Amino acid sequence: MRLRFVPLGLLLASLTGAPVLALEDAPAASGATPDAATQAKLDLAHRFTRRVELLRDSFVPPQWMRAGDRLVFWSREGKDGGTWVLAHATSGELKPLLSGEQLRQQLSSLLGKPVTAPRFFEVAFTPDEQGIVFQLEGKTFGLGLTGGRVTLLPPEDRAALALSRAHFLAPRGGSVALQRPDGFAVLDSAGATVVERTGEQNLDWRIPERPWSPDGRFLAVWREDARAVHQLPVVDYASALEKVTMVPYAKTGTPLPRSELHIVEVATGRVTRIPPVEGETYDWFAGWNPEGTEALCLHLARNAKRLDLTAVDPMSGKRRHILGEERKDTFVAGLDFAVGGWATQVTALPEGRGYLWMSERDGWRHVYAYDRAGKQARQLTRGAFPVHEVVGSSPTGDALYVLASADSGAPYEHLFYRGSLKGGALKRLSSGSGMHRITLSPSGRYYVDTWSSRTQPRLRELVSMEGDKRVRLTTSDASELEALGDTRPEALLVKAADGTTPLHGVLYKPRDFDASKRYPVLAYIYAGPFTHEVPWSYVGNWLSMTAGGMAQLGFIVVILDPRGTTGRGKAFQDANYGRVGQTEIPDYVTGLKQAAASRPWMDLERVGIHGGSWGGYFTLRGMLTEPDFFKAGYAAAPGALEEEAIINEPYLNLPSANPQGYALGDNLALASKLKGHLKLMHGTSDVNASLSVTMRMAEALIRANKRFELLIMPGQPHSPMGPASRYVQDDVGLFFLRTLGAPR
């Protein structure tokens with residue numbers, strides 16, 4: 001929900017009782033307009049934060065054709081730069097569909113204005129694969145694989161629908177499923193409506209990913225019932241007559257939404273309701289088996305201690321249980337699973353050969369083979385490393401392809417390996433270090449390897465499985481980005497607070513770093529138990545980009561992945577199971593002290609902490625549990641343990657089962673411990689971490705007679721957008737310049 005309102009800073013006095021710091025070259029007052037020198041620093045920090053925009057690269061994932069080992073990609077650079085290219089994997093030939101100049105001329109004519117440097121983000125083949133479709137400035141264009149002619153497609157054109165987020169084209173038969181705001185419709189090949197359903201308030205229809213059976217006979221649709229779910233009020237302050245919207249938001253210990261699967265038979269228009277599984281669960285549609293005879297569903301128990309796979313017969317509507325995974329002492333899956341991890345959990349093998357299932361039962365995420373009935377056949381991968389994804393298997397033979405972190409010297413890097421459906425050791429196929437994303441050709445003979453590392457900008461390579469052919473498709477040009485200055489982070493390896501567990505991190509310096517000075521230190525934290533934030537690619541992530549930008553204001557900025565985060569095995573993540581909030585800050589404090597022991601330019605008398613969302617929760621945690629170490633903290637849109645169920649319950653169990661864990665992780669109870677400078681920021685339209693978290697924290701601080709600052713962002717969501725994003729970024733910088741000071 002976006003509201004039309006100018007951002008307003010509601011600033012309270014920042015009197016904390018902490019020792020007064022000598023602030024050099026810092027803004028004189030919290031509400032004052034920055035002087036020219038400070039503004040120049042803020043502008044530079046902003047440029048570093050958005051430095052990815054200086055990277056000249058192709059953002060379009062290449063698309064394989066169904067047959068012929070051919071693919072289309074956008075060539076951004078080189079002699080064929082600025083055009084669509086057809087690659088023939090067998091020969092290695094790269095053939096532009098037209099020249100860049102011809103493409104720009106035709107687009108300019110069709111749009112009625114000059115097109116000089118078009119930027120695209122996706123491409124799709126037409127249903128007959130005789131051409132491609134792409135979008136520019138909200139319009140869809142078609143281009144044949146031969147002839148070099150660009151056409152403007154009407155929105156209702158079947159080819160144009162291939163790029164629509166609201167339309168789902170059947171793989172065969174020509175039917176189309178249409179997602180509407182609260183309902184759906186199914187149209188046959190002639191455009192006639194076969195089925196149409198309209199939702200009700202908090203009782204909606206939703207088409208999942210990969211909804212069609214392979215033959216186009218059946219469509220899977222969810223009906224989602226949120227009528228019993230807690231309603232979060234979101235207030236629109238855009239006018240004097242406030243408007244309130246109620247948004248379903250399942251808080252810990254309150255009812256969850258319910259999902260019911262329905263199967264649509266296109267030929268008859270019949271809609272079959274599939275009875276849900278028992279208990280409160282989170283449910284995902286995992287696609288169809290290759291034969292199209294069963295629809296697959298995943299079901300995670302509310303406490304996340306059990307995960308089940310079921311199959312539904314689309315004709316009878318009967319559900320059968322295939323297999324399950326249970327962990328009574330911890331959890332099977334959490335939020336990372338809910339926001340996308342479910343898509344890599346199970347792979348249905350062709351010809352009824354069973355399933356590949358991901359499990360951490362031996363302490364590491366590995367691949368297990370099951371037969372069609374759900375009986376375990378064998379463990380396919382082994383070792384003290386995680387497998388992240390089954391990329392695929394060979395259409396013939398027993399080759400298995402996975403992304404894994406099997407290099408002990410690079411425990412977080414995603415590398416490409418070949419294994420076997422019979423089990424055994426993995427063979428590395430990746431040519432370089434870093435983070436790899438693999439797209440197999442339908443024949444299984446070739447793949448596209450998209451990868452980068454901290455020092456290598458992104459490359460795309462077309463590779464044969466035997467490794468005898470490697471063709472460069474795209475190369476990022478990072479010259480403009482690197483002209484800003486050295487943006488590469490310094491790697492850190494420290495010990496956790498337990499004194500034994502190694503933790504990885506990165507450290508960012510200003511581009512004008514001077515080792516003879518002493519710099520204030522910022523701990524950039526997220527530490528959510530469902531992700532890791534230390535970057536291993538060239539661009540990194542939003543946290544690392546903002547950390548690199550903030551360093552340009554004259555700070556040493558550190559990011560660590562403490563115990564309890566993902567990517568390092570079950571024991572590493574379970575370090576804080578049931579006690580979130582009790583291990584992460586000790587790991588950060590210990591890690592910062594170790595880093596500073598060999599870096600005299602890190603001033604640990606001036607340490608700040610900053611983060612948003614989970615990072616906001618941990619910013620408060622740091623200020624309240626280590627008040628003598630952290631002198632200043634900026635908590636953006638902080639969460640809390642009593643907020644959304646899927647964010648908290650998998651890692652803490654239900655409140656009724658672990659009241660002590662919730663109580664010990666509660667920040668409100670520690671408000672009286674505050675000593676340093678604290679600022680809170682929250683958007684009024686946040687439906688991820690509700691505004692009530694900040695309001696309750698503010699009340700607790702007031703009751704404890706603790707001074708703090710507060711910035712309310714009217715109409716802004718969880719992450720402020722547009723001009724408000726820059727406003728908050730500058731506000732964070734100004735806050736720490738004022739409270740921690742400049743290098744000395």
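## Terms and basis of the model

Two residues are in contact when heavy atoms of each lie within 4.5 Å. The structure described here is a predicted model, in which local features need pLDDT of at least 70 and side-chain atom pairs count only at pLDDT 80 or more, while totals for chains, interfaces and linings use all residues. Residues are numbered from 1 along each chain as its sequence is written, and side-chain values use heavy atoms, with hydrogens and water left out.

## Thr-347 and its surroundings

Thr-347 is found in strand S23, residues 346–348; helices (H or I, at least four residues) and strands (E, at least two) are DSSP runs numbered from the N terminus. When residues up to four places away in sequence are not counted, Thr-347 touches Gly-354, Tyr-355, Leu-356 and Val-390.

The relative accessibility of Thr-347 is 25%, so this residue counts as partly exposed. On this scale, buried means under 20% relative accessible area, exposed means over 50%, and partly exposed lies in between, with a 1.4 Å probe and protein chains only. Thr-347 and Glu-643 are 296 residues apart along the chain, and 33 Å separates their C-alpha atoms.

## Helix H5

The buried residues are Leu-543, Ser-544, Met-545, Thr-546, Ala-547, Gly-548, Gly-549, Met-550 and Ala-551.

The N-terminal end of H5 is capped by Asn-541, which has a side-chain oxygen 3.2 Å from the backbone nitrogen of Leu-543.

## Asn-653

Asn-653 is placed in the loop between helix H9 (645–652) and helix H10 (659–664). Its relative accessibility is 15%, and Asn-653 therefore counts as buried. Neighbours within four places in sequence aside, Asn-653 is in contact with Asn-303, Lys-305, Tyr-577, Asn-658 and Tyr-662.

## Salt bridges

The structure holds 42 salt bridges, each defined as a side-chain nitrogen of Lys or Arg within 4 Å of a carboxyl oxygen of Asp or Glu. One of them joins Arg-180 to Glu-196, with the closest N and O atoms 2.4 Å apart. Arg-180 lies in the loop between strand S10 (176–179) and strand S11 (184–187), and Glu-196 in strand S12 (residues 193–197), so this pair ties together parts 16 residues apart in sequence. Arg-180 is partly exposed at 31% relative accessibility, and Glu-196 is partly exposed at 44%.

A salt bridge also forms between Lys-675 and Asp-628, whose closest N and O atoms are 2.8 Å apart. This pair links distant parts of the chain, 47 residues apart: Lys-675 is in the loop between H10 and strand S41 (677–683), and Asp-628 is in the loop between H8 and strand S40 (632–636). Lys-675 is partly exposed, with a relative accessible area of 38%, whereas Asp-628 counts as exposed at 54%. In a further salt bridge the side chains of Glu-643 and Arg-696 meet at 3.0 Å, N to O. Here Glu-643 is in the loop between S40 and H9 and Arg-696 is in helix H11, 53 residues apart. Glu-643 is buried at 3% relative accessibility, while Arg-696 is partly exposed at 25%. Both belong to a network of salt bridges that links Lys-251, Glu-642, Glu-643 and Arg-696.

## Cavities

The structure holds 5 cavities of 30 Å³ or more. On a 1 Å grid over the protein atoms alone, a cavity is a set of points where a 1.4 Å probe fits but cannot get out, and its lining residues have an atom within 4 Å of a point. Grid points are joined across faces, edges and corners, and a volume is the space filled by probe spheres set on the points. The largest cavity has about 140 Å³ of space. Of its 15 lining residues, Arg-51, Thr-487, Tyr-538, Val-539 and Gly-540 lie nearest the centre.

The second largest cavity has a volume of about 80 Å³ and is lined by 13 residues, of which Gly-639, Ala-640, Asn-667, Leu-668 and Val-693 lie nearest its centre. Helix H8 (614–625) and helix H11 (691–703) each supply at least two residues of this lining, and H11 gives the largest share, 3 residues.

Methods: A polar contact is a pair of N or O atoms within 3.5 Å; within protein, one must be able to donate a hydrogen and the other to accept it, and residues adjacent in sequence count only if both atoms are side-chain atoms. On a 1 Å grid over the protein atoms alone, a cavity is a set of points where a 1.4 Å probe fits but cannot get out, and a pocket is an open set with protein on both sides within 12 Å along at least five of seven lines; lining residues have an atom within 4 Å of a point.
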